[in-house]
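Open the model in your viewer and keep the selection tool ready. We will go stop by stop.

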Amino acid sequence: MSAIIQEFIENLSPKVAGTLQGTAKLVITDEGSLMLDDAGARVGDDDADVTLIASEQVFRNILSGEQNPAMAFMTGKLKVVGSSTRALKVSDILTS
């Protein structure tokens, strides 16, 4: 597992644990993917209710509040596969 994936898992686990219904997958371009669910974040590439795909920098900017997730999606920086409603919920958790 890359150090970048490990860092995202450490940062996201406390945010998603107990707050996320269903599953979400973050695919960090050229790095790998992680799964989010009500247990937290972990390495994985399983099927998910929604998949968010972006570069490491876009995800970092979303997490820091520098990038609005909806704007990232509308400008093509963030791709969503699956439920857009679920993607919004995941985005809310990421930016909290």
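**Stop 1: a pair of strands**

Select Lys-25, then look across to β2: its bridge partner there is Met-35. Keep in mind that this is a predicted model. Now show the whole of β1, residues 24-28, and β2, residues 32-37. The two strands run antiparallel, and five bridges join them. Next, find the turn. β1 and β2 form a hairpin with three residues between them. Click on Asp-30 in that turn: its phi is positive, about 65 degrees.

**Stop 2: on to the next strand**

Stay on Met-35. Opposite this residue, in β3, stands Arg-42. Now pick Leu-36, which stands opposite Ala-41 in β3. Colour β3, residues 40-43. β2 and β3 pair in the antiparallel sense, over four bridges. They form a hairpin too, with two residues between them.

Is β2 enclosed or open to the outside? Five of its six residues are buried, so β2 is largely enclosed by the rest of the structure.

**Stop 3: the whole sheet**

In general, strands of a sheet pair through backbone hydrogen bonds, either parallel or antiparallel.

**Stop 4**

Select Lys-79, in strand β5, residues 79-82. Show its contacts, leaving aside neighbours within four places in sequence. Lys-79 is in contact with Thr-51, Leu-52 and Ile-53. Then draw a distance from Lys-79 to Ile-9. Their C-alpha atoms are separated by 20 Å, and the two residues lie 70 apart along the chain.

**Stop 5**

Show α1, residues 3-16, and α2, residues 56-64. The axes of α1 and α2 come within 12 Å and cross at roughly 25 degrees. An angle under 35 degrees counts as roughly parallel, so that is how α1 and α2 are described. The crossing is left-handed.

Now display the side chains where they meet. From α1, pick Ile-4, Glu-7, Phe-8, Leu-12 and Lys-15. From α2, pick Glu-56, Phe-59, Arg-60 and Leu-63.

**Stop 5: the core**

Keep Phe-59 selected. Not counting residues up to four places away in sequence, Phe-59 touches Phe-8, Leu-26, Val-27, Ile-28, Leu-52, Ile-53, Ala-54 and Leu-78.

Phe-59 belongs to the largest nonpolar core, which has 25 residues. Those with the most contacts inside this core are Leu-12, Leu-34, Leu-36, Leu-52, Phe-59 and Val-90. Which elements each supply at least two residues of the core? They are α1, β1, β2, β4, α2 and α4. α1 gives the most, with six residues. In soluble globular proteins, nonpolar side chains tend to be buried together.

Terms used. Residues are numbered from 1 along each chain as its sequence is written. This is a predicted model: local features need pLDDT of at least 70, side-chain atom pairs count only at pLDDT 80 or more; totals for chains, interfaces and linings use all residues. Side-chain values use heavy atoms; hydrogens and water are left out. A nonpolar core is a set of buried Ala, Val, Leu, Ile, Met, Phe, Trp, Tyr and Cys residues joined through side-chain atoms within 4.5 Å. Buried means under 20% relative accessible area, exposed over 50%, partly exposed in between (1.4 Å probe, protein chains only). Contact means heavy atoms within 4.5 Å. Two strands pair if DSSP finds at least two bridges between them. Axes are lines fitted to C-alpha atoms, for helices over the stretch in contact, and angles run from 0 to 180 degrees between N-to-C directions. Angles under 35 degrees count as roughly parallel, over 145 as roughly antiparallel, 65 to 115 as roughly perpendicular and the rest as oblique. A crossing is left-handed if the near helix is turned anticlockwise from the far one by less than a right angle, and right-handed if clockwise.
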